[in-house]
Amino acid sequence: MSLWTLAAPAEFAQEIKKSRFQARASSVDSAAAALQFVAQSTNVDARHNCWAYRIGGAYRWSDADEPAGTAGRPILSAIDGQQLDRVVVLVARWFGGIKLGAGGLVRAYGGTAAECLRTAQRVALVAQSKLAIRLGFEWLGVAHAAFDQFNAVKLTESFDSDGVCLHVQIAAGRAAQLVVALRDATRGSARTKELD
């Protein structure tokens, strides 16, 4: 199963029985980033600001004073139902005077979130690997050329008396190829280790 995330933030608004619902969604890479998005996107004049996020196996939601299970969980279900990951959605509600009931709230929050996500631009998520690479100073140029060749992103670079330690991130399917290329290019002197 392919997982997707959002290529850009998205918004969607609709009115249901005189209540206005507005969804805002964004891609995020951590729980802290998701909570920051929620804080920044909260509408202070809305009666409720309900939200959910999914980042891999981590997820969380808030019903924001709506009856339990009628807002945050349906928003999370909208994220999961569209095979999205690393996504946060906040749905604000301005009460219009007509009670929707528990089922109506589930449909309104879940539906608003789902429509926001359905119309958003998406990008496929590619599993990433992180590698620690140890090599001599003389191989630094070779290593950078290999990173470019395999679209690896250098995260850190540190030097000591024994040489250079680099941390890189690369598409998981290409990590083994990079390791072989570095081993061949450095005549076996590059040492690599996969990081958690």
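F12 is in contact (heavy atoms within 4.5 Å) with F21, Q22, A23, T112, E115 and C116, leaving aside its neighbours within four places in sequence. You will find F12 in strand β2 (residues 10-16). The C-alpha atoms of F12 and A113 are separated by 7.9 Å, although the two residues are 101 residues apart along the chain. Please keep in mind that this is a predicted model, where local features need pLDDT of at least 70 and side-chain atom pairs count only at pLDDT 80 or more, while totals for chains, interfaces and linings use all residues. Residues are numbered from 1 along each chain as its sequence is written, and side-chain values use heavy atoms, with hydrogens and water left out.

**The chain as a whole**

- The chain has five helices and eleven strands; helices (H or I, at least four residues) and strands (E, at least two) are DSSP runs, numbered from the N terminus.
- The radius of gyration, taken over C-alpha atoms, is 23 Å, well over the 16 Å that the globule rule (2.2 Å times the number of residues to the power 0.38) gives for 196 residues, so the chain is more spread out than a compact globule.
- Along its principal axes, the C-alpha trace spans about 75 × 30 × 25 Å.
- Of the 196 residues, 41% count as buried, where buried means under 20% relative accessible area, exposed over 50%, and partly exposed in between (1.4 Å probe, protein chains only).
- Among contacts with a separation of 6 or more, 68% come from residues 24 or more positions apart.

**Confidence**

- The mean pLDDT (the predictor's confidence in each residue, from 0 to 100) of the chain is 93, and 99% of its residues reach 70 or more.
- Among the elements, β6 has the highest mean pLDDT (98), and strand β7 (residues 122-124) has the lowest (88).

**Helix α1**

- Helix α1 (residues 31-41) has A34, F37, V38 and S41 as its buried residues.
- These residues cover an arc of only 100° around the axis, which puts them on the same side of α1; the arc is that of the directions from the helix axis to the C-beta atoms.
- A32, A39 and Q40 are exposed residues on the face of α1 turned away from its buried side.
- The cover over the buried residues of α1 includes β3 (19-27), β4 (48-55) and β6 (87-94).

- Four strands form an open sheet in the order β9-β10-β8-β11, with antiparallel pairing; two strands pair if DSSP finds at least two bridges between them.
- At the edges stand β9 (153-160) and β11 (191-195), each with a single partner strand, so one side of each is left without a neighbour in the sheet.
- From one strand to the next, the twist averages 20°.
- A hairpin of two residues joins β9 to β10, and β9 pairs with β10 (residues 163-171) in the antiparallel sense over seven bridges.
- In β10, G163 is the bridge partner of D160, and V164 is that of F159.
- Helix α4 (residues 140-149) lies across β8 (128-135), β9 and β10, running at about 5° to β10; axes are lines fitted to C-alpha atoms, for helices over the stretch in contact, and angles run from 0 to 180 degrees between N-to-C directions.
- Helix α5 (residues 175-185) packs on the sheet and touches β8, β10 and β11, its direction making about 15° with that of β8.
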